Amino acid sequence: MDAEAPVYESGNISWILTSTVLVWFMVPGLGYFYSGLSSHKNALSLILYVFVCLMVASIQWFVWGYSLTFSLSGSSVLGNLDNAFLRGLLGYPSAGMDAIPDLVFCMYQCMFQCVTAALVVGSVAERARILPMMIFVFVWATLVYNFLAYWTWNPNGWCFQLGGLDFAGGTPVHIGSGCSALAYALVVGKRIGFNKDADPERFKAHNMSNVLLGTALLWFGWFGFNGGSVLGSNVRVGMVCIVTNLAAAVGACTWMLMDYRVERKFSALGFCSGAIAGLVAITPAAGFVGPGPAVAIGFFGGFFCNIAMYTKRWLGFDDALDVFSLHGVGGYVGCIFTGVFAEQYIAALDGTEIDGGWMNQNWVQVGYQFADATAGAAWAFVMTYIILFVMNKIPGLSLRVSEEEELKGIDHAEIGESAYYYVNKLVTVDPSTGVETTVREEINFHTMASIVTHTLIKEYAGSLKRSCAWYTSSYHIIQ
C-alpha cells in the first residue's frame, strides 16, 4: 500500500470483526437448532451438515464468490473475477462502505454466505447424502447466492439501482435460502413414512434443550448479523440492536399465543420458532425502522410464518425443518413491510440517505420491495431446482441415501459416528439384600431406544432356596 492509503477508525474495524465472530457463532447455533429438531439417529449429521456448509462456502468465497458479489465493476446482474482468489484485496475502501477496508468487509460478508448455505440444507434432514451436498453448496453459492447478493448490495446491482431496501439480507439470505430449501426438498423427496396422515409424533423434535440452545446462539449472533450491517460503530447500531431484539421477542410471544390457542400449552418449540420468525422478518428492515414498526414486523413475521408452517402437510412436501416456512415466508414478509415502515430519520442516524417507505409518503417503495423479493424467490427456486435435478442424474451424485440407510440414520450410514450411545446391561438382583451385580454390559451405538426402559423378569429358584430377579436396562447416555 502506498503512503496515501486511507486511514480508518479502529472502532469501526473492531465492531465489524466482532460482528464477524457473532455471525460465525450462528453456524453452530443453527447446527444445534437443527439437531434438536431431528430424530436422535440423525442428530450428529445435522450439526455436521452446517459445518460442511461453512467449509465449502468459505472456500468458494475465496475462489471467486467475493469477486462475483462485490467486485467494484460489473454488469447489473453479476460482478467479475477481478478479485478472484482475493487478489488485490488489502486495505482500500470496500464496495459496501468507504469507512471499512475491503479485507475486513470480505471476511464479514463471507459469514453471510456460510450461514445462508447452512440454512438451505435443513430441508433435507435425515435423508441427504453428504458428498453431493458439498458439491451442491459450491455450485449453489456461485449460481444463486452470489447473484442475489450482487443484485441487492453491490452498487451496480439492478435492485440496488432500482431503489430496493434490504438492510441485512431479506432476499439474499432468507428468501434465497427458503426458496432454495423448498426446491431441495422437492427434488430429494419425502422422508420414509411422511404423508398427510402420518403421526406427527413420529417426526417430533428429539431434544428440545438443543433447540433452545441453538435459538439462544442464533439470537445472540443476530446482533452481529444486523448490527454489523451498519458497517460502522455509531448510534445507528444501537437502534438496529434494539429493533432486532424487540422483533424477536414479539415474534416469540405471537407464536406461543397462537399455539396456546390450539394446544393449551406454552410450547418451547413455539417460542423458538416465533423468535426466529421475528428475527428473519426484521432483517431487511433493521436499519430503516424504529421500535414501533419493529413490534408490527415481529408480530406479522410470527403470524404469517406460523400459518405457513401448516402448508407442507396441506401441499404434501417434506421440508423437514421448516426452512421455507420460517425463512422464505418470513423474509418475504419482512421485505414487503420494509417498504411500508422504512423511515428517513432512522437511516440518517449515521448519515445514510433514503427516500423512505409509506411512512414518508414514498408509495412506490412497496413496489420496489415486491420486485426484489419476487425476483429473488423465483431465481433461487428455479436455479436450485435445475442444479439439483442435473446433479441427481449424474452417476455417483445421487442426492439421497438408500432406504436401508435412511432407516438406520444418517449418523450411522454417512458418518459412522453418533451423537449418543446406549449401554445395555444385564443385571442380577438379590431380593434379600438388594445387591445388584452386572452380568453383562455392552455399548450399542445404533439402538433405536430413545428413553430409559426397564424390563423386570423374576425367576424363582426353589432348589437354591433363594430367588433371583433378572432385568435388562437400556440407558440413554449423552456422549
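**Close-up 1. The lining of the second largest pocket, sorted by residue class.** In this predicted model, the lining of the second largest pocket has 17 nonpolar, ten polar and five charged residues. Here Ala, Val, Leu, Ile, Met, Phe, Trp, Tyr, Cys and Pro count as nonpolar, Asp, Glu, Lys and Arg as charged, and the others, Gly among them, as polar. A pocket is an open set of points on a 1 Å grid over the protein atoms alone where a 1.4 Å probe fits, with protein on both sides within 12 Å along at least five of seven lines; lining residues have an atom within 4 Å of a point. This pocket holds about 710 Å³ of space. Of its 32 lining residues, Trp 153, Phe 160, Asp 166, Phe 288 and Thr 352 are the closest to the centre. Helices H4 (102-120), H5 (130-153) and H15 (365-393) each supply at least two lining residues, and H4 gives the largest share, three residues. Helices are DSSP runs (H or I, at least four residues), numbered from the N terminus.

Close-up 2. Leu 186, Val 382, Tyr 385, Ile 386, Phe 389, Val 390 and Ile 394 make a patch of about 580 Å². Patch residues have over 30% relative accessible area and no salt bridge, and nonpolar side chains (Val, Leu, Ile, Met, Phe, Trp, Tyr) are joined within 5 Å. H15 gives the most, with five residues, while Leu 186 is found in helix H7 (residues 170-188).

**Close-up 3. Arg 191 meets Glu 126.** These two form a salt bridge, their closest N and O atoms being 3.5 Å apart. The term means a side-chain nitrogen of Lys or Arg within 4 Å of a carboxyl oxygen of Asp or Glu. Arg 191 lies in the loop between H7 and helix H8 (208-227) and Glu 126 in the loop between H4 and H5, so the pair ties together parts 65 residues apart in sequence. Both residues are buried (under 20% relative accessible area, with exposed over 50%, partly exposed in between, 1.4 Å probe, protein chains only).

Close-up 4. Lys 408 is partly exposed at 39% relative accessibility, and Glu 404 is exposed at 54%.

**Reading the views.** Residues are numbered from 1 along each chain as its sequence is written, and side-chain values use heavy atoms, with hydrogens and water left out. Local features need pLDDT of at least 70 and side-chain atom pairs count only at pLDDT 80 or more, whereas totals for chains, interfaces and linings use all residues.

Conventions. Points joined across faces, edges and corners; volume = space filled by probe spheres on them. Patch = residues over 30% accessible without salt bridge, like charges linked within 9 Å, V, L, I, M, F, W, Y side chains within 5 Å. Areas by Shrake-Rupley, 256 points an atom, 1.4 Å probe, with all protein chains shown as cover.
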